[in-house]
Every structure is written in structure tokens, then in C-alpha cells.
Amino acid sequence: MSEIIERVKCLIIGSGPAGYTAAIYAARANMKPVLYQGTQPGGQLTTTNEVENFPGYPEGVTGPEMMMQLQAQAQRFETDVRDGWVTKVDFSGDVHKVWVNDVKEIHADTVIISTGASAKYLGLESEQKYLKLGGGVSACAVCDGFFYRNQEVVIVGAGDSACEEAHYLSKLCKKVTMIVRRDEFRASKIMEARVRNTENIEILHNTETDEVLGDGQVVTGVRVFNNKTGEKHDITATGFFVAIGHKPNTDIFKDYLDLDETGYIINVPGSSKTNIEGVFVSGDAADHVYRQAVTAAGTGCMAALDAERYLAAKDASFEVSTSTYN
């Protein structure tokens, strides 16, 4: 362990719209924030090709481009953006202790958690085998779709993300087969209409994945079954994409923070406060309802304002900055 302990006024764990927005507000409030980007700098939005519903982008923007802009804006106000990820915390005392990469120890006056969520997989042995081999299983169509140009692929899921990824793949692939467990979509009507109206997307309702097929190195197909009749059949495919949701990245906080049954951090209603004073949460680490970039950014703003007010209440010499609000 490092013998030198760093003391910071505001530590932001994670990036993405929530983390970077919190950094912008915290920096403008003279809180000198230190932000660790985590294992996926920029968060989930870096895997989204087209963002069309974030205010201020009438022509749309790519997720990676937006994250680069947010990071640059945070750094413009002198946010200390660092590589690395938090591996351990101790919120049991008055000092918020955090360890980065199991080595560096930081003591923070305030902590803003913006760790987001990670993609879920089906958990099939065959799925995990080809995922680890890098042989055709993916949870990011935007990241890996290029490798399946003019090929046939399968995607599992029925929500907005699944529809978005299926539509993206349809522009690259010869055919996209969507596996939908129920007889209806969970996606918004506009996203459902988009995939239904795309000629090279085939939708199989009441269908589930039985096994990912392959030659030991790469995916060659998918065996599915109808959950009404039990009938099985094989689909030829070189790529298997999973879009069934996400798990909040909150495991390291479970000994100190209140989590719900699925692992989302429970915040005080109407605020970003957690059950630990001086620790705040923003973005998808707490939001299991909306999970949108714009709402994540909004809660990043809330977390920075709450952290600023917390510091002001503890230290009369730290004044709430009016520049924060404009």
C-alpha cells in the first residue's frame, strides 16, 4: 500500500454524463474535484453510435464524441481527470477512505459516486466460452458490429437498447434476427416501429436462447426454442449480441451504502444523498427507472450541488459559489 495518503475536497468515482457533469459543477464551485474514469472511461455512452435525444444536438452526436466534449469541458475548469478505478472504500468513519487500483489511498471530504452499470449476459456456458474467446459474442453492437459486415447475426433483447443495436446492425449486416422472450416488446413505440419496419430484421417472439453454437473458436449459429411450444431450431449466425439490461457497478459500496434488491444505491428522495453523510450518488448507479444520458447529467449536477452545500455547512470558510448556478 502507498505510504502517502492524498487528501482531496471532492472525489468523483466514474465518468460518463453523470461524473463529468458533477465535475463541471464541482470545479466551478472551487471544490477542486479529482475524477477517476474507471474501467470504461466515458461510461456506457461510449458504446452508443448515435445520440439523438440529448438537448443541444439537433443533428445528433456520437456517444464517444459527446463524452470527449464533456471531459474537455470538465478539464477546462481544472478538474483533475485521472486513469484508474476504485477497488475499495471505507466509509465507516468521519473520513471517507478510498483506494485506487488497490494501491493509492485517498481521503476525501466528499465523494460522488458515478460508477454507472455494466451489461448483463444470459449466463450460458457456451455464451461465456465464446465471449472469453472473443469469437463472436458481444454486448456492444457499436463496438463490434463492424466485424460482422455483410454477415448474419442474432441479438437478444426487447428494450430500447436492443432495438437501437438491432437497427445499427441492420445497416452493416446481411440479416439480423431479434430474439424476444415475450410476445411483445418492452421498447418505446418509436423504437419498436423502427425495427419492425427494417426489411432485414427478423423478429422471433416467445423465443429464448438454448445454446450458442460454434466450431470451438468462433460462433457459427444459435440454437433457440419457442417457450410456448418447446420447439427448437438452429439459426445460422457468426455474431451473437446480448442487449438484456445492465447491473449497477456498486458492489464495492455494499458494506456501507444502502442498496436495493438489485444493487442500485438508494438515495434520499429529491436529492443525491446516500445514507452516509458526505457521500452522494448520480447516474445509473442509482437510477433504475429512466437510465438516460440527460437524467444522468441532471443527477450529476445535483450531486455536486449537494456536495458543495455539505462542505459549506461543515466549514464556514467554504462559501457556496454563486457561479455554480449559472
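**Two residues in a predicted model**

Biologist: Is histidine 167 buried or exposed?

Modeller: The relative accessible area of histidine 167 is 18%. Buried means under 20%, partly exposed lies in between, and exposed means over 50% (1.4 Å probe, protein chains only). Histidine 167 is therefore classed as buried.

Biologist: What kind of model is this, and how are residues numbered?

Modeller: This is a predicted model, in which local features need pLDDT of at least 70 and side-chain atom pairs count only at pLDDT 80 or more, whereas totals for chains, interfaces and linings use all residues. Side-chain values use heavy atoms, without hydrogens and water, and residues are numbered along each chain as its sequence is written, from 1.

Biologist: Which helix holds histidine 167?

Modeller: Helices are DSSP runs (H or I, at least four residues) and strands likewise (E, at least two), numbered from the N terminus. Histidine 167 falls within residues 160-170, which form helix H5.

Biologist: Which residues does histidine 167 contact, leaving aside its neighbours within four places in sequence?

Modeller: Contact means heavy atoms within 4.5 Å. With those neighbours set aside, the partners of histidine 167 are Arg194, Val195, Thr198 and Ile201.

Biologist: What distance separates the C-alpha atoms of histidine 167 and asparagine 226?

Modeller: Along the chain, these two residues are 59 residues apart.

Biologist: Which side chain forms a polar contact with that of glutamate 6?

Modeller: Glutamate 6 belongs to strand S1 (residues 5-13). Beyond its neighbours within four places in sequence, glutamate 6 touches Arg82, Lys104, Glu105, Ile106 and His107. A polar contact pairs N or O atoms within 3.5 Å; within protein, one must be able to donate a hydrogen and the other to accept it, and residues adjacent in sequence count only if both atoms are side-chain atoms. At 2.8 Å, the side-chain partner of glutamate 6 is arginine 82.
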